[in-house]
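Student: I'd like to learn how to read a protein structure, one feature at a time. Could we go through this one together?

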Amino acid sequence: MSDEADAGGSQQTWTVLDLLRWTAQHFESRGIETARLDAELLLAHALGTSRLRLYLDFEKPVLEEERARFRELVRHRASERVPVSQLLGEKEFWSLNLKVSSDVLTPRPDSETLVSAALDRLPDPDGAYRVLDIGTGSGAIALAIAHERPKAMMTATDISTAALQIAGVNADQLQLSDRIRFLEGSLFEPVRGEEFDLVVSNPPYLARSEAGELPPELDHEPEEALFGGEDGFALLRPLVGAVVAHLVDGGGFAVELSPGQEDSVAQWCMEAGLVEIETLRDLARQPRVVAARRGARGPQRHLED
Ligand SMILES: C[S@@+](CC[C@H](N)C(=O)[O-])C[C@H]1O[C@@H](n2cnc3c(N)ncnc32)[C@H](O)[C@@H]1O
């Protein structure tokens, strides 16, 4: 068998294990790093079952109509490099099942570092905190925080109407809609004059100058979710510059970034008057988040106010 049209396409009997082996090999030959995992996720989806169930059903023959569904998924994954999350229409993040599509960035495991940083800055599990998530996309960060802090009131913003629609569906599905307000607009524009106990953001921070080196899967995600201008700082810089005005005294700030951007962002935090500035690393030990806090307003600032 040589091309994907044959993935379970011939007259022979195909078992679950046959299909997994063939497809994993096929994905590998196309340079897909998570070949076996992707094969399992797509086959489980085509069969309407779970990955665990596949392991119990290795020897079970797969029906032609199920194989036809699977072939379509394999083709999209291998030829067009559509991300598995978009083929499944969902992604697990912080143990929450989230709807995703090509209108939103698929939440990444790296962003769980941002959620942890946020929760560390909201220490009381019953605190009625006011939290702002800028560039909410699928709602991943805001919903994870809302899930962990059942009295927190969330505000989640984005410039993308389509993303906010998906975030709204996710909030409904997780029964968190009553504690999350979605607002459309750029950066702090939709929350003019408001202050929060915590501001978090995973803004677009990739450098457009490096677009050619990125994996082909990113072509299926929205440009405005990925790129922060030529150098990646187009949103990070104004975000850090404006955050102080939206934090209560002692309020927290945590922002995700690419490794290599942390020193500039930490420097801008310092220039903005933030304190307790630290860089946090993701599971791969890469710098991933800069977090800080607004100090108490001194007399000087009151005079300025
Ligand atoms: C990297 S994605 C993060 C999505 C989600 N928070 C997550 O962590 O999975 C960045 C998001 O910021 C939004 N965005 C881009 N420019 C923005 C702006 N100027 N103001 C607010 N949101 C913006 C994009 O539409 C996208 O949803």
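Tutor: Gladly! Let's begin with a definition for packed helices: axes are lines fitted to C-alpha atoms, for helices over the stretch in contact, and angles run from 0 to 180 degrees between N-to-C directions. Helices (H or I, at least four residues) and strands (E, at least two) are DSSP runs, numbered from the N terminus. This is a predicted model, where local features need pLDDT of at least 70 and side-chain atom pairs count only at pLDDT 80 or more, while totals for chains, interfaces and linings use all residues. Residues are numbered from 1 along each chain as its sequence is written, and side-chain values use heavy atoms, leaving out hydrogens and water.

Student: At what angle do helix H2 and helix H4 pack, and how far apart are their axes?
Tutor: Two packed helices are described by the angle between their axes and the distance between the axes. Here H2 (residues 35-47) and H4 (residues 64-80) pack at about 140°, with axes 9 Å apart. H2 is therefore oblique to H4; angles under 35 degrees count as roughly parallel, over 145 as roughly antiparallel, 65 to 115 as roughly perpendicular and the rest as oblique. H2 passes H4 in a right-handed crossing (left-handed if the near helix is turned anticlockwise from the far one by less than a right angle, right-handed if clockwise).

Student: What is the order of the strands in the open sheet?
Tutor: Two strands pair if DSSP finds at least two bridges between them. The open sheet has 7 strands in the order E5-E4-E3-E6-E7-E9-E8, with mixed pairing. Its edge strands, each pairing on one side only, are E5 and E8 (274-281). From one strand to the next, the twist averages 15°.

Student: How many bridges join strand E3 to E4?
Tutor: E3 (residues 130-134) and E4 run parallel and are joined by 5 bridges; arginine 130 stands opposite methionine 153 in E4. Between E3 and E4 the chain passes through helix H7 (residues 140-148), in a right-handed β-α-β crossover. A crossover is right-handed if, with the strands pointing away from the viewer, the path from the first strand over the helix to the second runs clockwise. On to the next pair: 5 bridges join E4 to E5 (residues 180-184), again a parallel pairing. The chain gets from E4 to E5 through helix H8 (residues 161-173), and this crossover is right-handed.

Student: How many residues of strand E4 are buried?
Tutor: Buried means under 20% relative accessible area, exposed over 50%, and partly exposed in between (1.4 Å probe, protein chains only). In E4 (residues 153-158), 5 of the 6 residues are buried, so the strand is largely enclosed by the rest of the structure.

Student: How many aromatic pairs does a search of the whole structure find?
Tutor: There are 2. Rings of Phe, Tyr and Trp (its six-membered ring) pair if their centres lie within 6.5 Å; planes under 30 degrees apart count as stacked, over 60 as edge-to-face and the rest as tilted. Tyrosine 55 and phenylalanine 58 have ring centres 5.0 Å apart and planes at 45°, so this pair is tilted. Phenylalanine 233 and tryptophan 268 form an edge-to-face pair, with 5.3 Å centre to centre and 80° between the planes. That pair links distant parts of the chain, 35 residues apart.

Student: Is phenylalanine 233 buried or exposed?
Tutor: Phenylalanine 233 counts as buried, because its relative accessibility is 18%. Tryptophan 268 is buried at 12%, whereas tyrosine 55 is partly exposed at 41%.
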